[in-house]
Amino acid sequence: MWDWMSRTSLATSNAKDTIGYGTKVVGGVSPGKGGQTHLDLPVFGTVKEAVEQVNPHVSAVFVPAPFAARAIIEAIEAEVPVVVSVAEHIPVHDLLRVQEVLRTQSRSRLVGPNCPGVIAPGQCRVGIMPFRQYARGCVGIVSKSGTLSYEAVGATTVAGLGQSLVVAVGGDPMPGTTIVDSLRVLFEHEETEGVIVIGEIGGEQELRAAEMIREYRRSTPNPKPVVAMVAGQTAPRGKVMGHAGAVLTARDVTAAEKARALEDAGAMLVPHPGVMGSTMKALLGR
């Protein structure tokens, strides 16, 4: 289900591409326009109405940052299982409110904000990723950075491995879904034979991921290989590097320290995304 602020917005163009990709889009939400149709799909005035009538599994929120929190919370209150938000620069107070709502329930998961979304190549696409370079395959990818996830996709496609599931968790300091959350899915995902983890400066998600990878490798007889990279090796302290959460503060560990933690946990470190495909191919013995 697509959450539109305006039927002439970029969300409409995205919905057309997504429908063309094969994703089953069941309708859209546009306040005050319920009862109409758009792209031959029903338009609802609220998410609650959409849930009652078409029961969507996912809500894709294409709403500008000042209004995004309200749209996300509306989808959570309607108990849509997965909510994907691509908006960047959502006010911090709004994000705190979203986090508070998320903690009060267990039926909805938020992916994002400030992320390109989720894609199972050849099956389903929810987000803004350049889907034509994706190929169905065996490598699962989780990344803070959308752009670096595209690079990893390109490398694994060229290597002939393709992707099973790609989750870009976003670069905001308060994500709805973390790297660890995504690893739990990828380690259990049957189509995923190897996993790529892409972190960056800011926060401690990569340290928690390292802990999980270590425990996974210790407790699993034949663990899936993990290839990892942490961006921001030369980033100066105190300067935001693109994402709102990509900033190396005085209390943060460096990219090098994060990379060392991942390597010590058993991940294979690579210097840049261009070699991720060939490295994973070698680890898989292809």
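Which residues does Glu206 touch, not counting residues up to four places away in sequence? In this predicted model, the residues touched by Glu206 are Lys144, Ile179, Gly199, Glu200, Lys258 and Leu262. Glu206 is placed in helix α7. The relative accessibility of Glu206 is 1%, and because buried means under 20%, Glu206 counts as buried. The side chain of Glu206 is also joined to that of Lys144 by a polar contact of 3.0 Å.

One of the residues touched by Glu206 is Ile179, and Ile179 is itself a buried residue of helix α6. The buried residues are Ile179, Val180, Asp181, Ser182, Leu183, Leu186 and Phe187. Their cover includes the strands β7 (109-111), β10 (136-143), β11 (163-168), β12 (194-200) and β13 (226-231), together with helix α7 (205-219). At the start of α6, the backbone nitrogen of Val180 has a side-chain oxygen of Thr178 within 3.4 Å.

Several of the strands that cover α6 belong to an open sheet of 7 strands, in which the order is β9-β8-β11-β10-β12-β13-β14 and the pairing is mixed. The edges of this sheet are formed by β9 (124-127) and β14 (268-269), each of which pairs on one side only. Within the sheet, β10 and β12 pair in the parallel sense, over 5 bridges. Gly140 has Val195, in β12, as its bridge partner. Helix α8 (residues 255-264) packs on the sheet and touches β12, β13 and β14. The direction of α8 makes about 170° with that of β13.

At the level of the whole protein, the domain assignment gives domain 1 (10-111) and domain 2 (117-284). The C-alpha centres of the two domains lie 25 Å apart. To the contact, domain 1 contributes 20 residues and domain 2 contributes 22 residues. The size of an interface is often given as the accessible area lost when the parts come together. Here, domain 1 and domain 2 bury about 1800 Å² between them, with 60% of it on carbon and sulfur atoms. On the domain 1 side, the residues that lose the most area to domain 2 are Tyr21, Leu95 and Val111, which together account for 33% of what that side buries.

Key
Residues numbered from 1 in each chain as written. Predicted model: local features only at pLDDT ≥ 70, side-chain atom pairs only at ≥ 80, totals over all residues. Heavy atoms only, no water. Buried < 20%, exposed > 50% of the residue type's maximum accessible area, 1.4 Å probe, protein only. Helix = DSSP H or I, 4+ residues; strand = E, 2+ residues; numbered from the N terminus. Contact = heavy atoms within 4.5 Å. Polar contact = N/O pair within 3.5 Å; in protein donor to acceptor, adjacent residues only side chain to side chain. Pairing = 2+ DSSP bridges. Axes fitted to C-alpha atoms, helices over the stretch in contact; angles between N-to-C directions. Domains from an automatic or database assignment. Buried area = accessible area lost by both parts, 1.4 Å probe.
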